[in-house]
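Let's walk through this one together, from the overall fold down to a few individual side chains. Keep the viewer open and follow along.

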Amino acid sequence: MQVPQGFLGSRERIRVAVRVGRASLITPTGAFDRAGIMSAAAAAAKAHQLQYGSTWAVAMSVSLKAAWQFAKSLRSAAAH
């Protein structure tokens, strides 16, 4: 399985945003916060686009994959 270019960087940006409180990926009830996931992905996509010079579609694709993966891991950790 090949990791897209910039995926790990986007995931780290999203992790930091969640850690400092700028983004919320899950609600207190354990559901996914779709608006929070989208805003975190958009912020990571802007940075991805600046760093790699990719199109907005590619940057959002990579960032949304990273945001959803991190949200799923947070939800799993919160459940246990």
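## How the helices pack

The buried residues of α1 pack against α2 (34-52) and α3 (56-79). Here buried means under 20% relative accessible area, exposed means over 50%, and partly exposed is anything in between, with a 1.4 Å probe and protein chains only. Contact means heavy atoms within 4.5 Å. Helices are DSSP runs of H or I with at least four residues, strands are runs of E with at least two, and both are numbered from the N terminus.

Some ground rules before going on. This is a predicted model, where local features need pLDDT of at least 70 and side-chain atom pairs count only at pLDDT 80 or more, while totals for chains, interfaces and linings use all residues. Residues are numbered from 1 along each chain as its sequence is written, and side-chain values use heavy atoms, with hydrogens and water left out.

Now zoom out. The protein chain has three helices and zero strands, running α-α-α from the N terminus on. Its radius of gyration is 12 Å, close to the 12 Å that the globule rule gives for 80 residues, so the chain is as compact as a globular protein of that length. That radius is taken over C-alpha atoms, and the globule rule is 2.2 Å times the number of residues to the power 0.38. Along the principal axes, the C-alpha atoms fill a box of roughly 40 × 30 × 20 Å. Of the 80 residues, 30% count as buried. Among contacts between residues at least 6 apart in sequence, 59% join residues at least 24 apart.

Back to α1, which covers residues 7-19. This helix has 13 residues and reaches 18 Å from its first C-alpha to its last, close to the 18 Å expected at 1.5 Å a residue; the expected span is 1.5 Å times one less than the number of residues. Phe-7, Ser-10, Ile-14 and Ala-17 are the buried ones in α1. Looking down the axis of α1, its buried residues fall within an arc of 90 degrees, so they line one face of the helix. The arc is that of the directions from the helix axis to the C-beta atoms. On the face turned away from the buried side of α1 you'll find the exposed residues Leu-8 and Arg-19. Just after α1, Gly-21 takes a positive phi of about 90 degrees.

The term covers a side-chain nitrogen of Lys or Arg within 4 Å of a carboxyl oxygen of Asp or Glu. The partners are Arg-15 and Glu-12, with their closest N and O atoms 2.5 Å apart. They sit three residues apart in helix α1, so about one helical turn separates them. Arg-15 is partly exposed at 27% relative accessible area, and Glu-12 is partly exposed at 37%.

Next comes α2, with 19 residues and a reach of 26 Å from first C-alpha to last, close to the 27 Å expected. Its buried residues are Gly-36, Ile-37, Ala-40, Ala-41, Ala-44, Ala-45 and His-48. They cover an arc of only 165 degrees around the axis, which puts them on the same side of α2. These residues pack against α1 and α3, whereas the face turned away carries the exposed residues Ala-35, Lys-46 and Leu-50.

His-48 deserves a click. It lies in helix α2 and is buried, with a relative accessible area of 2%. Not counting residues up to four places away in sequence, His-48 touches Gln-5, Gly-6, Ser-10, Gly-53, Ser-54, Ala-59, Val-62 and Ser-63.

The remaining helix, α3, has 24 residues and reaches 34 Å from first C-alpha to last, close to the 34 Å expected. Its buried residues include Ala-59, Met-60, Val-62 and Ser-63, and the buried residues of α3 pack against α1 and α2.

So what sits in the middle of all this packing? The largest nonpolar core has 17 residues, and those with the most contacts inside it are Ile-14, Leu-25, Ile-37, Ala-40 and Ala-67. Such a core is a set of buried Ala, Val, Leu, Ile, Met, Phe, Trp, Tyr and Cys residues joined through side-chain atoms within 4.5 Å. The elements giving two or more residues to this core are α1, α2 and α3, with the largest share, seven residues, coming from α3. Leu-25 touches residues including Ile-14, Ile-37, Ala-40, Ala-67 and Phe-70.
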